[in-house]
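Open the model in your viewer and keep the selection panel at hand. The tour goes stop by stop.

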Amino acid sequence: MANTYQGARRGGSSRPGGGRRGGKGGRGGARTVAMRQVRPVERTPVTLPSVMSVAELAELLQTTGIEIIKELMKLNIMANLNQQIDYNTAVQVATSLGWETNEHVSEVVQAAAADFTARQAEAGTDPDSRARPPVVTIMGHVDHGKTKLLDAIREANVAEGEAGGITQHIGAYQVETAGRKVTFLDTPGHEAFTAMRARGAQATDIAVLVVAADDGVMPTTREAVAHIKSANVPMVVAINKIDLPAANPDRVKQQLSEIEVMPEEWGGDVPMVEVSAREKLGLDDLLEVVLLVADVNELKANPSKPANGVVIEAKVDRNRGPVATVLVQSGTLNLRDVVVAGSTSGRIKAMFDDRGKRVRRAEPSFPVEILGLLEVPQAGDTFQVFDDERVARTLVEQRQLQRRADALIGDRTVSLTDLYSQVQAGTAAELRVILKTDVQGSLGAIQNALLKLNDETDQSVQLAIQLAGAGAITESDVSLAAVTRSIIIGFNVRPDVAAKRAADTAGIDIRFYNIIYHLIDEVKLAMTGLLAPVYQDITDGYAEVRNTFKLPGGDVVAGCYVLDGRIVRSSKARVLRSGTVVSEGSIKSLKRFKDDVREVAAGYECGLGLDNFNDLQVGDQIEFYHREEVARA
């Protein structure tokens, strides 16, 4: 029956004029042909939004969702009617269906982005603005009592009887003193403080520098001061541990004055308060000074507008999904608001304060944890509230494209080569330097010699030292260099693995010297536009000494683990001990087990001997490098 039926179908369709509608004399067939000839479809170019669903695209193209899905399948895209597709994909679908498209740039999105910038700028001039709580970051050396001071302030000033006590659920919290509130950001350190600024966020109003009265200024303290100054925020110094017998606050003030942090009582502009976190002494005085500094700076915001602010930290919670801690800087954030945070968006499903309590709104300077974002934003990303969810999604897409473009351009940093070119073009104005040396004695001599160049060279180019310190080049130095557009100069010191990787990623120019006059001459030539071609060291890899063995002939070889990159037999080797260079030379032997090898990759162990150096010690890091000539344009 099936074969007969199919044969009949084939036969019927092949007869000229066969079938009720297929013959020339059939009235129905003539009517169909006539309609196709006299009523062609006329289509004007269609304007497509940046983001749309399959159903929305079908409506714009005057077709069914099934047809759109078929075209998407041809592009290897499996989608349903509610699936969101981007502009480029929609153009391909429209073209395949015979539509022309107009180039489209969303004026609404541009206006929204401009509105966010305007909202940030008008916070202090808006007539409806009112005083807001100051946002404070506490910084300082790790052993100087920063955490204890935070805990003591929180314990002494959290409202009594509130659920959750002093438990801190998020990386920020508010305390109340003298009827006024103060917001504290509990950041991991000055690296995070500067990393946020690197992404355009300025979350802190006041920085409190903690210095131990018995220990004084440490290298980390100097770094913190440099980061605070680069952020251009007011500073308050808390001299902690005054209860200890060895406490000497005057010595601390003297040390701080030597790094240009001058106490108010000595004619400077930095208030200093003596406190004891352990005995809870001076905490009210510290908060009073913070509020006084806030009053001087007239911190204001308008709580009646849509909220904007900054992401303090973010993570993925296994049960709750993307979770972000945000600080509202202007306006009021409400439950169910549509938020764009960096390159992600979402509608707020829930908000919690620093004690884990659910809240429905957050006013300026109020930190909250929010749920509802589609992805995890980055710390330091700005956020803003939108009325239109579609506009929010479109802005997110544009930001993602912009971030990819920025990553490709990578023009945030500067190098001595850039300065040389800028001087010749007459556009250079300042060379910013981070100086690290092996010992304090070298530091003072080099610092003075560099600053003298300002008097000796063309006044159109000035040298500014952002940070000077003794010790290895750290990831914190790289972070500061990225934000301040500085170069890093190392004298007899090298970066560790993490710092080298961060510098390579950020494109930071690090220069290494072991002779002072070479350092001074090269900087001077760069400042005067006369820098000649030089050789540049290219790092091949890093290894760590795990064991040492003495051979019968007296030579010492090391059992090493390759941390990063690779060891090449022809590479030069530089032995680093606590970041200080103790030897430079060639590789004498390189073995894997008993076999001589030409190279060893990261993650593998090897045996290594160096020419004319037998003082290898467990824990030493060895940097392997080769030298290339770099031509100056």
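Select Phe184 first. In this predicted model, Phe184 is buried, with a relative accessible area of 2%.

Show both rings. A pair of aromatic rings is described by the distance of the centres and the angle of the planes. The structure holds one aromatic pair. Tyr173 and Phe184 form that pair, and it is stacked: 5.7 Å centre to centre, with 25° between the planes. Colour the strands next. Tyr173 lies in strand E7 (residues 172-177) and Phe184 in strand E8 (residues 180-185), so the pair ties together parts that are eleven residues apart in sequence.

**Charges over rings**

Go to Arg494 and Phe512. The charged end of Arg494 sits over the Phe512 ring, 3.4 Å from its centre. Then pick Arg574 and Tyr625. Here Arg574 lies over the face of Tyr625, 3.9 Å from the ring centre.

**Asn240 in strand E10**

Select Asn240, which is placed in strand E10. Is Asn240 buried or exposed? Asn240 is buried, with a relative accessible area of 2%. Now show its contacts, leaving aside neighbours within four places in sequence.

**Helix H10**

An α-helix has 3.6 residues a turn, so residues three or four places apart point the same way. Step just past the end of H10 to Glu260, which takes a positive phi of about 65°.

**Helices H9 and H15**

For the last stop, select helix H9 (residues 219-231) and helix H15 (residues 475-484). Two packed helices are described by the angle between their axes and the distance between the axes. H9 and H15 pack at an angle of about 15°, with their axes 11 Å apart. The two helices are therefore roughly parallel to each other. Their crossing is left-handed.

Now show side chains where they meet. From H9, pick Glu223, Ala226, His227 and Ser230. They meet Ser476, Asp477, Leu480 and Thr484 in H15.

Technical notes:
Residues numbered from 1 in each chain as written. Predicted model: local features only at pLDDT ≥ 70, side-chain atom pairs only at ≥ 80, totals over all residues. Heavy atoms only, no water. Phe/Tyr/Trp six-rings, centres within 6.5 Å; stacked < 30°, edge-to-face > 60°. Helix = DSSP H or I, 4+ residues; strand = E, 2+ residues; numbered from the N terminus. Buried < 20%, exposed > 50% of the residue type's maximum accessible area, 1.4 Å probe, protein only. Lys NZ or Arg CZ within 6 Å of the ring centre and 35° of its normal. Axes fitted to C-alpha atoms, helices over the stretch in contact; angles between N-to-C directions. Parallel < 35°, antiparallel > 145°, perpendicular 65-115°, else oblique. Left-handed = near helix turned anticlockwise from the far one by under 90°. Contact = heavy atoms within 4.5 Å.
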